[in-house]
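Student: I've got a model with a ligand in it, and I'd like to go through it with you. Can we start with the ligand and then pick a helix?

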Amino acid sequence: MRILFLCTAHNSLSQRLYLALSPSHDVTIELAISEDVMITAAELARPDVVICPFLTARVPKVIYDNYTTLIVHPGPPGDVGPSALDWVLLGDDGSIENATELLKILDNSPPRPGRTHWGVTVLQAIEEFDAGPVWAFEQFPLDIDERGLTKSSLYRGPVSRAAISSVLVAVSRIQETARVSAEGRPCVFHKASPDFRHLSIENRLPFQGGRLFHRPLLKAAQRNFDVTRHTAQQISRRIRCGDSQPGALSNLFGLGLYLYGGLVDETPGGPNSGVMPAASPGTIVGIRNDALCITTCDGKGVWISHIRRVKKSSDVALWPKIPAVSGLLELGLLDIYEIENLYWSAPPDWSRSPFATMQDVWVELSTYNDSCLVAYLHWEFYNGAMSSSQCSRLVEAMDYILSTSTPKRPIHAVVLMGGSYFSNGIDLNVIEASQSPAEESWININRIDDVVQYLLLEFPRRNVLTIGALRGNAAAGGVALAAACDVVIAGSEIVLSPAYRGVGLYGSEYHTISYPGRCGAHKAKEILQSMTPMSPFEARCVGLVDHVLIGSGFVLDEKIRTHVPFLLKSVLSGHGFWKSTQDLSAMALSKARTLELCEMSKDFFSARSVRYHSRRFNFVRKVKNHHTPLRFARHRRLNSRCLDEEEKDSFDDVRYYQRQTEYDLVTRLEAELQNREVDSSQSKVEILKKAAEPLFSCYYKAVDEVFTPPRSPSASHEETAKNEVPI
Ligand code: COA
């Protein structure tokens, strides 16, 4: 069938869905920038079915009247509203119908266990929101207090899984019931059977997770918490249900800030009790790397990993989301002495703490057949972004692994396990927030290159086999990080985005060795230029990945651990890997790194840097797209001359950007001369703000009222709050 996706953003779910549907259907994508754009897209694409995997706007009536239009709703049939996952993670168990009443109870009563199940529905768009005929629904078990579970991890995990199976079933049900027109296209559809609404696709059971209602948008301020009476579990739920967007808006640090993270610390005796024996609830009692732990009224702790400043009405765009400690330091809400005094180290031998606590890198040593020692290197970096300091920690952990390898007890392999994301490359948020993004980019890319160098030089020198285990998504430098390993294993449900051009970078991480080494020069170029996501199976076909293991989560972990001894055996039996055909001498590596960094320096410091700096700004500050790239909107590629900006030769040409800058200057001067220049600075700000409208403006809309914290704020809180913008 011909399928048109309409989405607010081409996000991880729509990417996975695209990869699942495109082998058997003709899929094209349009970003839902406006009603007109959606309508034109439908007219151009003439789809058999429109699918909206992630759409926060209404589908225009003319579209659902003329094309069967399927909406993916991240809730079971009967759940209605834009904050489905937020409510379920906040603790809505379906026992209370009225949303205001429910918020009061969740605020004032001891926490209840929450729903045991959640689901995803694929329903047909009609006039009434989320109320059309259901074509498929799937459900899955849920523990809302599971360690590390956030709205975003729930979305990327079980919700995306259920959404993909439901869409595939819905599409085949539609295909089965369609009559075929004279031109051979499906044209008339029967109605969805009532069973589709009542029975989930796999177990054929009604929804198991309680009653369902219409729930309104859950605003950032409604996730606020009161440290004097909310327990660690309650605070954690409030933060995790808004992570990654919009965050929990709180005055905890004396200034309205969005907070992220929310992991409960279960260390016996309370958090950092050796240093901070009896602090009042809400006090920062521990700092580890760039996260901080506050104590709670029930003697536990909650970790805050990131913060985002609130957008004032005078701000042009959203603030970057940055690590909590450096963020508070920059705002003057924490000083360097406090950071030193409160430092609470993780286990010094890189082992995983036996209690739930913040730990972003750890090493696990495992023995196979009494003789083979394997080091599993785990990391859990927020959104898979690797800042300079996180890369440094990885280097330290790899040095530790090497130091444990002795002639008597050698390490045979190191397995890079990553975390819920494998890696998305350098940390664009930290870079954007730094005083000199160009310099921070330079430091970060050099540090991530150091990490990759261990895989290409340090481990091979000591005969340690390197295995990349992609259990989560990887992009740009994150793909190159894995590709540098001798062997790459990927879980079947991940998405790989190997190109760097989307964010205006040439890229480093020795990809000029690993991509051609694994895929051949031609294919490597194609992968980098095409800028489209790849399934693990496609990646295996081109050589970027060596093995694909079916599954995710615990099942995948087990399969990886079972697979490693087989890999060790094949190495011992002398099986060749991509590295055996490459020159990976120190000199060759140094040459490749220098050439890559030479290009990267143009990206950071030359006239060409405009493409990276502007794209990074838009990416981090969530500026709404103004058009859909033609590589996705194939219905708009009318001929071979219709190219995206990134597909044109000029995209890489420094002189083009020099000329562009000169041209802009001349145009501005001309405008000034003709008195066409915008005359007041106020209207300039308005123009800039319009250009930088955020993607999810419902969350971040700046409103000039006072943000009122729930209980007895200090005088300084009130004063600062007046200058802040509530949500
Ligand atoms: N640095 C900082 N944050 C990053 C990041 C990076 N390199 N890559 C992804 N993120 C963040 C996003 O900002 C987003 O944050 P939020 O949820 O807090 O708003 C989150 O990770 C998820 O990203 P999103 O783009 O919504 O996910 P997606 O699955 O739709 O798209 C990618 C995935 C990888 C295609 C997209 O995130 C991307 O292009 N990332 C940049 C990769 C890159 O160019 N890295 C630098 C070069 S090495």
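Tutor: A residue counts as near a molecule if one of its heavy atoms lies within 4 Å of it. This is a predicted model, where local features need pLDDT of at least 70, side-chain atom pairs need 80 or more, and totals for chains, interfaces and linings use all residues. Residues are numbered from 1 along each chain as its sequence is written, and side-chain values use heavy atoms, with hydrogens and water left out.

Student: Which residues come nearest to the ligand?

Tutor: There are 25 residues around the ligand. Those that come nearest are Ser244, Lys321, Ile426, Leu428 and Lys622.

Student: How far is the polar side-chain atom of Ser244 from an oxygen atom of the ligand?

Tutor: Think polar contacts, meaning pairs of N or O atoms within 3.5 Å. Lys321 has a side-chain N or O atom 2.5 Å from a ligand oxygen. For Ser244, the distance from its polar side-chain atom to a ligand oxygen is 2.5 Å.

Student: How many residues of the shell around the ligand are charged?

Tutor: Here Asp, Glu, Lys and Arg count as charged, Ala, Val, Leu, Ile, Met, Phe, Trp, Tyr, Cys and Pro as nonpolar, and the others, Gly among them, as polar. The shell has 10 nonpolar and 11 polar residues, and its charged residues number 4.

Student: Now helix α21: which of its residues are buried?

Tutor: Helices are DSSP runs of H or I, at least four residues, numbered from the N terminus. Buried means under 20% relative accessible area, exposed over 50%, with a 1.4 Å probe and protein chains only. On the other side of α21, Arg655, Glu662, Tyr663 and Leu673 are exposed. The buried ones are Val654, Tyr657 and Ala671.

How values were computed
A polar contact is a pair of N or O atoms within 3.5 Å; within protein, one must be able to donate a hydrogen and the other to accept it, and residues adjacent in sequence count only if both atoms are side-chain atoms. Helices (H or I, at least four residues) and strands (E, at least two) are DSSP runs, numbered from the N terminus.
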